[in-house]
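I opened my notebook for this one with a simple plan: look up rings, charges and backbone angles, and write down what turns up. Here is what I went through.

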Amino acid sequence: DEAVIEPAVEYLCHRSEKDIAAFADILSEKLHRLDGETFAKEIGKDAYKGPEHRFSRNWFLRVRCCVVANGSEFFQEVISEPQHMPKDLEFEAILRIAPKAFERKTGRKLPVKTKYNYETFGNKHGWTHH
């Protein structure tokens with residue numbers, strides 16, 4: 001996964017700090033939009049089965065990362081047809097692009113809190129039981 005994200009990290013580390021923060025915000029917005037029950041029910045063996053069943057918040061975040069990593073066309077397809085969510089696949093590495101680029105550029109940790117809460121259940125409109 002590190003090899004896959006390296007070109008994006010390298011590209012971004014040559015941009016401004018503001019551009020790196022903007023990348024993190026855009027990523028947060030896309031992940032936030034995918035944070036919902038209709039998407040969570042479509043992720044394969046670890047799909048959301050209701051509040052009384054065990055559900056991995058972290059796994060669902062990593063699956064949503066996979067959607068974004070596959071590009072805007074696939075993202076739009078999943079937004080309009082949630083059954084196209086990846087099954088049993090994840091790509092958590094995308095979350096490391098902005099922090100790695102910022103640290104490579106500045107030697108500091110990325111201080112920016114993202115514009116959107118992308119943690120699972122962070123999108124209150126996407127969930128009926130949370």
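This is a predicted model: local features need pLDDT of at least 70, side-chain atom pairs count only at pLDDT 80 or more; totals for chains, interfaces and linings use all residues.

**Entry 1: a charge over a ring.** I then came across K30, which lies over the face of F75, at 4.7 Å from the ring centre.

**Entry 2: staying with R64.** I placed R64 in helix α4, which covers residues 57–69. Which side chain of opposite charge is nearest to R64? I found D35, 4.3 Å away. I checked what else the side chain of R64 reaches, and noted the backbone oxygen of Y118 at 3.0 Å. Setting aside neighbours within four places in sequence, I listed the contacts of R64 as L31, H32, L34, D35, M85, Y118, E119 and T120.

**Entry 3: the aromatic rings.** I searched the whole structure for aromatic pairs and got 8. One of them is F55 with F60, a tilted pair with 5.7 Å centre to centre and 50° between the planes. I looked up burial for this pair, and both F55 and F60 are buried. Next I turned to F121 and W127: the ring centres are 4.4 Å apart and the planes stand at 70°, so I wrote this pair down as edge-to-face. F121 and W127 are buried as well. Which residues form one aromatic cluster? I wrote down Y48, F55, F60, F121 and W127.

**Entry 4: positive phi.** A reminder to myself first: most residues other than glycine have a negative phi. I then noted D88, which is not a glycine and has a positive phi near 60°. D88 lies in the loop between α5 (72–80) and α6 (97–106). Is D88 buried or partly exposed? I read a relative accessible area of 36%, so D88 is partly exposed. F121 came up here too, with a positive phi of about 75° although it is not a glycine. F121 lies in the segment after α6. Its relative accessible area is 8%, so F121 counts as buried.

**Entry 5: salt bridges.** My count came to 10 salt bridges, and I followed up a few of them. The side chains of E2 and K100 meet in one of these, at 2.9 Å from N to O. Why does this pair tie together parts that are 98 residues apart in sequence? Because E2 lies in helix α1 (residues 2–12) and K100 lies in helix α6. I checked accessibility for both: E2 is partly exposed at 34%, and K100 is partly exposed at 33%.

Then I looked at R104, which forms a salt bridge with E6, the closest N and O atoms being 2.8 Å apart. R104 lies in helix α6 and E6 in helix α1, so this pair also ties together parts that are 98 residues apart in sequence. R104 is partly exposed at 40% relative accessibility, and E6 is partly exposed with a relative accessible area of 30%.

R104 has another partner in E10, with the closest N and O atoms 2.9 Å apart. E10 is in helix α1 and R104 in helix α6, so the parts tied together here are 94 residues apart in sequence. I put E10 down as partly exposed, at 35% relative accessibility. Which residues do shared partners join to E2 in one network? I noted R96 and K100.

Conventions:
Residues are numbered from 1 along each chain as its sequence is written. Side-chain values use heavy atoms; hydrogens and water are left out. Rings of Phe, Tyr and Trp (its six-membered ring) pair if their centres lie within 6.5 Å; planes under 30 degrees apart count as stacked, over 60 as edge-to-face and the rest as tilted. Buried means under 20% relative accessible area, exposed over 50%, partly exposed in between (1.4 Å probe, protein chains only). A charge sits over a ring if NZ of Lys or CZ of Arg is within 6 Å of the ring centre and within 35 degrees of the ring normal. Helices (H or I, at least four residues) and strands (E, at least two) are DSSP runs, numbered from the N terminus. Lys and Arg count as positive and Asp and Glu as negative; His and the chain ends are not counted. A salt bridge is a side-chain nitrogen of Lys or Arg within 4 Å of a carboxyl oxygen of Asp or Glu. A polar contact is a pair of N or O atoms within 3.5 Å; within protein, one must be able to donate a hydrogen and the other to accept it, and residues adjacent in sequence count only if both atoms are side-chain atoms. Contact means heavy atoms within 4.5 Å.
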